[in-house]
Amino acid sequence: MKKFLTLALTAVMALSLLTACGSKNDNSADTNTDGSNTETTLSGTVSTDGSTSMEKVINSLGESFMAMNKDVKFTYNPTGSGSGIQAVSEGRCDIGLSSRALKDDEKASGLVETVVALDGIAIVVNPENPVSDLDIDTIAKIYTGEITNWKDVGGNDAEIVLIGREAGSGTRDGFESITDTKDACQYRQELTSTGDVINTVSQNPDAIGYASLSAVGESVKALTVGGVEATEATVKDGSYVVQRPFVLVTKEGTKLSPAAQAFFDYALSADAASIIAAAGAVAAN
Amino acid sequence: MFEAVVHGIFLLLGLITVGCVLLITVYLIISGIPAIQKIGLVPFLTGKVWSSTSAEPKYGILPFILTSVYGTAGAIVLGVPIGFLTAVYLSKVAPKKVRTVLEAAVSLLAGIPSVVYGLVGMLVLVPAIRKTFHLPDGASLFAAIIVLAVMILPSIIKVSVTALEAVPHEYEDASLALGATEVETYFRVSVPAAKSGIAAAVVLGVGRAIGEAMAVMMVSGNAPNMPGSIFESVRFLTTAVASEMSYSSGLQRQALFSIALVLYLFILLINAALNFFLKRDKEGN
């Protein structure tokens, strides 16, 4: 109890410190740019709404965009792809965010999709595991508990240990929607970070897990899926199938505000590619 | 005048603590009640399935409650005998030098951050359990119990030592003079005289074990199973809140607050028990 209180208090104090520093920095930076920048400064708000899986990508883009344009306020409302698409079609936000491609009827209703990034998910096993290739149906069968032994897919006679992420995680959502195993996965462990997944898989010779492509290192082996290796290039050309698009949704015929248009262009620019990569996805451009 | 001012300052400082407790209590109740109303108290507390992000979400926290109870009970069963006997040894038998070293070690054990326990558990204990018991995976209730048992040792030892040392020397001298051996004296005279304090130590251990989140999250596997065998992956009340909080939204988030409220009630009960034992201890002497 006491420990909890101390923690809570420290957190509150730390936060108030942070906000205090933050606002001070903003002010000083403002005057600086006003003095030196001769370009016309953008102002206004850019509101985005939608996919929770895109949180990392869109927030890092928003942060760097705001750092460049001090007078623009960027907002992100994590509601889910469906709500984001709805919001943009009703004009409640500037840009909708969807972690799936638009359906035909959504396109017919006048929505336009622009792929900003691709989310490639690597399927990882322990380096000792002799299995190195699975197709996507087999992966789905393994995760739903239809196949429970490695020997059924050409490996050792050992029970498959399914490692996944916690409910609400974007990677889990992505993996389950791509493999069509939503709510059906029989996880042995639900871990709360990519690092934990990699760590656990590297420790257990019979484990299988999934993680963002960018997080896969030497300690685990990324499987080829249907013979295709998971790399940035194969994600980009679409041959690696465990991937999904991160889509910016706009409405046809509705002109974006200057600030929103600037953000839209920025997100698709070459400058943004490294930021998208740092957030764990592959930039589309 | 000066006296009054100082009194006022002290009162104010004292009220900060009270204020925090009140704030947390009120906040937890306000944010914990809505989900319970929506889900229903009985389905919430006795539901066996937790799948907060599926198409038809289910919010049953019985698996978490049972896991927390079993995990704590297991930690007590393992930790209390070790802690209690260590306390008897430290306070009655140990030579001065041994005692200094041991007490320093116990203090150090108390100071180790829980994430370190979790890390060591994850990297050493979990693989060891997997190999020793020939399991597909070692992350389990058993691993959590062992980690918790070690974590509660310092509080049990320290409080028990204090209680045993408070036993008047005359009792022991009288017992020895009557011809009882030293061991007989410790267990028939000293321990019974200190029993309230030792009970308080056990309750303190329970409180520490049931409130621990970080360490158990890293070793228990975290899948929301009903605890069946001790080698199965389970999720505690604390970890249920911690693991899903970061991405949660809507009813899921509210339900997490309700879990926190249930946990808080458990802690209140434990604190009430602790107060009871401590009070009896005072009256007894």
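**Exercise 1. Describe how helices H3 and H6 of chain B pack.**

Step 1. Helix H3 (residues 62-93) and helix H6 (residues 141-165) of chain B meet at an angle of about 40°, with axes 6 Å apart. Helices here are DSSP runs (H or I, at least four residues), numbered from the N terminus. Axes are lines fitted to C-alpha atoms over the stretch in contact, and angles run from 0 to 180 degrees between N-to-C directions.

Step 2. That angle makes H3(B) oblique to H6(B); angles under 35 degrees count as roughly parallel, over 145 as roughly antiparallel, 65 to 115 as roughly perpendicular and the rest as oblique.

Step 3. The crossing of H3(B) and H6(B) is right-handed, that is, the near helix is turned clockwise from the far one by less than a right angle.

A word on the model: it is predicted, so local features need pLDDT of at least 70 and side-chain atom pairs pLDDT 80 or more, while totals for chains, interfaces and linings use all residues. Residues are numbered from 1 along each chain as its sequence is written, and chains are lettered from A.

**Exercise 2. Now try helices H2 and H10 of chain A.**

Step 1. H2 (residues 55-68) and H10 (residues 270-278) of chain A pack at about 135°, their axes 9 Å apart. H2(A) is therefore oblique to H10(A).

Step 2. Look for the residues in contact (C-beta atoms, placed from the backbone, within 7 Å). H2(A) brings A:Val57, A:Ser60, A:Leu61 and A:Ser64, and H10(A) brings A:Ala272, A:Ile275, A:Ile276 and A:Ala278.

Conventions: Helices (H or I, at least four residues) and strands (E, at least two) are DSSP runs, numbered from the N terminus. Two residues are in contact if their C-beta atoms, placed from the backbone, lie within 7 Å.
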